Amino acid sequence: MPVRLGAHLTEVGTLEIWAESKVSDHRWRLQFELRKPAAAEAEKPARPGAVVSEEALRSAEELVRRTFLDGRLAPEELPARLEQTLGLGRLAWPLGAIRRLADRFLEAAEGRRKSPALEARWLNLCGLCLRPGFGYPGDDFRIEQARRIFAAGLQFPNQVQCEIEWWIFWGRVAGGLNRNQQIDLFQRLSSTL
């Protein structure tokens, strides 16, 4: 059947593409899954990644608990202590490690309510551990938990650093939001934008 391709840029910045029949009123929406690796990519040998021991991961998880739940570790000390414990800089932490840490951050989310410093540190490190919001088992559930944080809002909205970290957090995890969640986020922000 002969078709004509049509495209439309939506208000949330996504591109809709469809095929329209030239001989009837039929129209088919075209969708592409861009998050799954192509077959050729899957066949390439993987680069060896960094490995973090189970003991180091348990120690790092305990640091998160001590900071946000117990208050025994100052929030400004946490990043350096995590890097020291894991033996790697933040940007080199393996995906499996950051997702385990993200789970601990999400469990300790109530701890961010205690002070502006805790909230800013929580947003910064949790966002780092959840980025890009997809690509690992359980990420849909993690993003749903993070959306509850959005619903609760900033606890210290008058603190500039908290507000900055808030938007950095959402920029980091936005790739994990589905279309409806992105539309919801846009509708909440559209009046401000």
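Tutor: Start with glutamate 20 and arginine 4. Their side chains meet in a salt bridge, with N and O 2.3 Å apart. The term has a cut-off: a side-chain nitrogen of Lys or Arg must be within 4 Å of a carboxyl oxygen of Asp or Glu. Glutamate 20 sits in strand β2 (residues 15-21) and arginine 4 in strand β1, so this pair ties together parts that are 16 residues apart in sequence. Side chains of opposite charge can pair when their charged atoms come close.

A word on the source. This is a predicted model, where local features need pLDDT of at least 70 and side-chain atom pairs count only at pLDDT 80 or more, while totals for chains, interfaces and linings use all residues. Residues are numbered from 1 along each chain as its sequence is written, and side-chain values use heavy atoms, with hydrogens and water left out.

Are the two partners buried or exposed? Glutamate 20 counts as buried, because its relative accessibility is 17%. Arginine 4 is partly exposed, because its relative accessible area is 48%. Here buried means under 20% relative accessible area, exposed means over 50%, and partly exposed lies in between (1.4 Å probe, protein chains only).

β1 and β2 run antiparallel and are joined by 7 bridges. Glycine 6 has tryptophan 18 of β2 as its bridge partner. Two strands count as paired if DSSP finds at least two bridges between them. Strands of a sheet pair through backbone hydrogen bonds, either parallel or antiparallel.

Next comes β3. It runs antiparallel to β2, and 4 bridges join them. Alanine 19 stands opposite tryptophan 28 in β3. β2 and β3 form a hairpin, with 5 residues between them.

Methionine 1 lies in the segment before β1 (3-9). It counts as exposed, because its relative accessibility is 63%.

Step back to the whole chain. It has 8 helices and 3 strands. From the N terminus, the elements run β-β-β-α-α-α-α-α-α-α-α. Helices (H or I, at least four residues) and strands (E, at least two) are DSSP runs, numbered from the N terminus. Of the 193 residues in the protein chain, 35% are buried.

How many salt bridges are there by this rule? The count comes to 19. One of them joins arginine 81 to glutamate 77, with the closest N and O atoms 4.0 Å apart. Both partners are partly exposed: arginine 81 has a relative accessible area of 27%, and glutamate 77 has 38%. Aspartate 184 forms another with arginine 188, where the closest N and O atoms are 3.2 Å apart. Both lie in helix α8 (residues 179-189), 4 residues apart, or about one turn of the helix. Salt bridges that share partners also join Glu54, Arg58, Glu61, Arg100, Arg104 and Glu107 into one network.

Last, the cysteines. A search of the whole structure finds 0 disulfides, a disulfide being a pair of cysteine sulfur atoms within 2.5 Å. Cysteine 126 is in no disulfide, and its nearest cysteine sulfur, that of cysteine 129, is 6.9 Å away. That is too far for a bond. Cysteine 126 counts as buried at 0% relative accessibility, and cysteine 129 also counts as buried at 0%.
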